[in-house]
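Subject: Structure handover

Hello,

Here is the structure we talked about. Please open it alongside this note.

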Amino acid sequence: MRRAQGGRRDPLRRVGRLPRRPGLLRRPLSAPQPCETTDDCCAAAECRAGLCAPLEAECGADTPCLDPDRACVDGRCLRAACAADADCAAGGTCVAGRCHRGPPCGGACGPDAVCYAALDACRPAVCALSCEAGAVRVAVEDPALDGALCDRADERCVCAASPAIVPADFGRYASMGLVNDTPVFAAYDADFGDLVFVEGVEAGAPRVTYLDGVPADAPAVADPRGPRGGRTAPGPDRGWYARLAIDLKGRPQIVYYDADAGALRYLRADEDGNWLTPIVLDDDGDAGRYPRIAIDTAGGVHVIYTVVRDGAGLAGVRYAYAPGGEPTRAEDFQRSTVSLRTAPVEPSPPGITPAAHGVMPCMRVGPDGQVYVAFYDGVERWLYLGRGAPGTGAFEVFPVTGERAADWPPDPGGRYERFTEHDIGRFCDLEVDFEIGALVAFVDHTTNALLMYRGPVEGGGTFELVDPGGRGVRRLVGADPALELDRSGRPVVVYQDATENDVLLAVRTEAGWAETPNVVATAGAMGFFNSLVVVGSEAVIGTLQLATTVTGRGAHRLHVFRTTVPNF
């Protein structure tokens, strides 16, 4: 077998061509071809008003192609020509003489189509050629086929061995845990709609494993040894709102939302690192958004989640509990209600915060063994607190009440004089202090500040101003808070400054919250989907940086930061 430049196997496996069939046009052509759809036209043409017309110009001397994998040729942004991978931009692969990221035409051509790689255009195949798994049928480049008028009867094809899929937009809804002090993440890949498990982030070499959402019966059009087994076809939309917990044996356990089925799913790994079969925990109506998972000291699994609308027309928060710590079936979980009320007439789609009871809950198993929960009521626009005993199905919930702390800073604009009318409670996280009770970090959306409630679940505690957000200018702070107690019992909270897109860390001492939070990260659009694990005096922080390619595709990046918890 001939070797391509750089030692890679020549990707052109076989060449196929059909004998000319009666009736097919021969070149040269001088009149526009009639068409019903663009599939009837040459790759460089589209169907307009029943005739094949040249594609409109998209680049020129003053409008260069933004994609580094493309070059402007005759007004079209064509994939750059290449002889080896080194001829392509960083991350690109040379396949069939053109630079690609992943399979030619994105693997989108069906089994009866051929890819015109330079244009990323699929057309019904004229050539007779079947390709093995991991290869794509590509038209051999021919100047006679480049224009809007062509005779595809002379089309020749090759099977081009595709590179592996390159995961890009795989960090949304990221949740971090530590396995032997190594950060790992559960997240959602928005390109494919899959649940993923990500390792190697701290080392700068992310390894993405696709756990749920890959269609098992789809053909492999990229390297079958790579991510998703080389399958580019979408499957069920699973992995929204992923949440991760690490159990006492160092095994990851994940809860997440199936957006197609409107269901809560659960998945865990065994001690050998093998992922077990996912479990559907709740598919009553639309259930499973915003889940949280916790593992207690006996290994019991606790899950809370939002029900947008169940079969009875109710919305709120449900709780699932597996006391054994080794769940393999839905029956291993005991399911109960935290709080349900009448659901809105028109439920919101995933990604839009519902104006309903029981949104965005947070949870913690307290030192007393009780399950503490907090959630947002989108109708009342207020924070609720609750508590229940595992396995009993009995929860009490209360709208949070209290007074401002004695050390509340001056309020010259009177922003908090009518605090009971504020919109509070979205983006919460919760901890439990044996003496104080619940500690809840949450956002005040009226003042765009980060607050904390400290006190009994039943109410009567104090509200504290963690970060006022202003500091002389209008600033939005507090989104995606992650709260932990350090070894001295001090609350440590990581959150986003949404105006500056920074990651901030605040610590409460006996004297109160520090006037200025610590800045953890500032480069880029940081602070999305924050996670925090405090180990001794060290805070390990996971966060997502938003970024896009020049073509608008998500290229977000997960980060891990380690910093010493300030000792004021």
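Which residue in β13 does L178 stand opposite? The residue is P183. First, the ground rules. This is a predicted model, where local features need pLDDT of at least 70, side-chain atom pairs count only at pLDDT 80 or more, and totals for chains, interfaces and linings use all residues. Residues are numbered from 1 along each chain as its sequence is written, and side-chain values use heavy atoms, with hydrogens and water left out.

Overall picture

The protein has zero helices and 40 strands. Both are DSSP runs, numbered from the N terminus: helices are H or I with at least four residues, strands are E with at least two. The C-alpha atoms fill a box of roughly 85 × 55 × 50 Å along the principal axes. Of the 568 residues, 53% are buried. Buried means under 20% relative accessible area, exposed means over 50%, and partly exposed lies in between (1.4 Å probe, protein chains only). The protein exposes about 24700 Å², and carbon and sulfur atoms supply 49% of that. These areas come from the Shrake-Rupley method with a 1.4 Å probe; for residues, only the protein chains shown count as cover. Among contacts with a separation of 6 or more, 48% are between residues 24 or more positions apart. Contact means heavy atoms within 4.5 Å.

Two strands pair if DSSP finds at least two bridges between them. Six bridges join β12 to β13 (residues 182-189).

The cores

The largest nonpolar core has 23 residues; A374, L385, V400, L430, V440, F442 and L451 touch the most other members. At least two core residues come from each of β25 (371-377), β26 (382-388), β29 (429-433), β30 (437-444), β31 (449-455) and β32 (461-467). A nonpolar core is a set of buried Ala, Val, Leu, Ile, Met, Phe, Trp, Tyr and Cys residues joined through side-chain atoms within 4.5 Å. Leaving out residues up to four places away in sequence, L430 touches C362, M363, R364, Y372, V373, A374, L385, L439, V440 and L483. A second, separate core holds 20 residues, including A187, F192, A525 and V560.

Residues to look at

R454 lies in β31. R454 counts as buried because its relative accessibility is 16%. Its side chain makes a polar contact of 3.4 Å with that of E464. A polar contact is a pair of N or O atoms within 3.5 Å; within protein, one must be able to donate a hydrogen and the other to accept it, and residues adjacent in sequence count only if both atoms are side-chain atoms.

Most residues other than glycine have a negative phi. Y241 has a positive phi of about 55°. Y241 sits in β16 (residues 238-246) and is buried at 7%. M360 also has a positive phi, about 50°. M360 is in β24 (residues 359-365) and is buried at 13%.

Best wishes
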